[in-house]
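Subject: Structure handover

Hello,

Here is the structure for you to look through. My notes on what turned up follow below it.

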Amino acid sequence: MTVETEEFSSMKRKLILRDSLTFLSLLLVTVVLFLITLFLFRSFVSHRQELAQRWSARGQVSLNAGHPDQAIVALRTALSYAPGRRDYELLLAQALGDAGHTDESYNYYLGLWETQPGDGLINLKLARLAAKKNDTQTAINYYRASIYGTWEGDGTVRRREVRLELSKYLLARHDLASARTELLIAGGNAPDDTAIALTLAPLLEQANVPRDALTYYQKVLTQDPKNQTALEAAARLEYDSGHFEDAHRMMEQAIREHKSDDSNQEPITPGDKEMLDNASRILAIAPLKKLPNDERVARILKARDLAKKRFDACNTQLSTASGSPSSLQDLRAKWTSKEATLNRTVLLNDPTEQDATMLLIFDTESQTAKICGAPTGDDALLLLLARTPKALEP
């Protein structure tokens, strides 16, 4: 009995040992297969990522080289290996737009926008594409969304750049009032920087707000008094506003700085030189109110003689016509009034008569320009004074 029990126990132990070895063998095989599978899977994933990066790099190179059609193929291949990669999708949308597939690019960006409607870059891309499609209001809406959207990196700078781009778009659409508003906001949020001021000022000129433009040129000159670009532009604006002394001073300084500067700056244009000469001549003949009384009266008398000659020439030119314009008839009546014959003594003692005589001179130059064509020489300068009468003020 004892012998049988021992044999049974021995067989049982052998069975357990065999089963254990079998289990361990199966477990080991399973682990090995799992590791092989994991290795193969990771190799496959790694290879797909490598292929995606390789194709996306090709797409980026093609985009930079100006071959968007090739970039489209490469980027679509990259996305087949790495679906949903947002940076690849953005590049593909850009490539579609660069290749002229405006609608397809717009729809692609729109799909990206739906997942991130506050993304500043995507809104900017949509704004540009809407502008290409001549969808003005949609473009403006996306520009504004881009300005107030989220940006990676220096958001303040990017928002200012987008606002300036919106301003240029509004200028191109002849919406000057809206462009001016955007430009002033951009300037108000910008640091006190000459480069920014030199960007804003010409745009404000295009928006037909020369005083605001002049303010930014003056900001530049406060920091950089020898800045030739600002000097020339400010001089032209002062000239157009009738501030001939300031215009003359600034343009003279600009020319002086240009002569002393060895850098490759823009040359002084013939128009700027002519403006300087005109400003010099105006300051020599204009009856400015700040002048001593006797000198002002002397200039008024010379200007009156010049205007009378201009009137006589225009009157003679039209004497053979069947009928004279009513404005010329009015001038004839004015030249028979007392203001046409007041002498030096009367003018010296009566500032009111000085102003009345100047009004006759300005009326003559303005009306004869309309009737007989543009004047030349000093008559042209008197006409310019007539259009900016505040130039005579002290």
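R299 is buried, with 14% relative accessible area (buried is under 20%, exposed over 50%, partly exposed in between; 1.4 Å probe, protein chains only). R299 sits in helix α14, residues 293–317 (helices are DSSP runs of H or I, at least four residues, numbered from the N terminus). R299 touches L283, A284, I285, A286, P287 and L291, leaving aside residues up to four places away in sequence (contact means heavy atoms within 4.5 Å).

The model is predicted: local features need pLDDT of at least 70, side-chain atom pairs count only at pLDDT 80 or more, and totals for chains, interfaces and linings use all residues. Residues are numbered from 1 along each chain as its sequence is written, and side-chain values use heavy atoms, with hydrogens and water left out.

Salt bridges

R299 pairs with E295 in a salt bridge, closest N and O atoms 3.1 Å apart (a side-chain nitrogen of Lys or Arg within 4 Å of a carboxyl oxygen of Asp or Glu). The two are four residues apart in helix α14, so about one helical turn separates them. E295 is partly exposed at 32%.

The whole structure has 20 salt bridges. One of them joins D378 and R281, at 2.7 Å from N to O. D378 belongs to helix α18 (residues 377–387) and R281 to helix α13, so this pair ties together parts 97 residues apart in sequence. D378 is partly exposed at 22%. R281 is partly exposed too, at 38%.

D277 and K273 also form a salt bridge, with closest N and O atoms 3.1 Å apart. Both are in helix α13 (residues 270–285), four residues apart.

Disulfide

There is one disulfide (a pair of cysteine sulfur atoms within 2.5 Å). C314 and C372 form it, with their sulfur atoms 1.8 Å apart. It links distant parts of the chain: C314 is in helix α14 and C372 in helix α17 (residues 351–372), 58 residues apart. The link is right-handed, with 75° about the S-S bond. C314 is buried at 1% relative accessibility. C372 is buried at 16%.

Cores

The largest nonpolar core has 87 residues (buried Ala, Val, Leu, Ile, Met, Phe, Trp, Tyr and Cys joined through side-chain atoms within 4.5 Å). I361 and L385 have the most contacts inside it. A second, separate core has 13 residues, among them L63 and L75.

Best wishes
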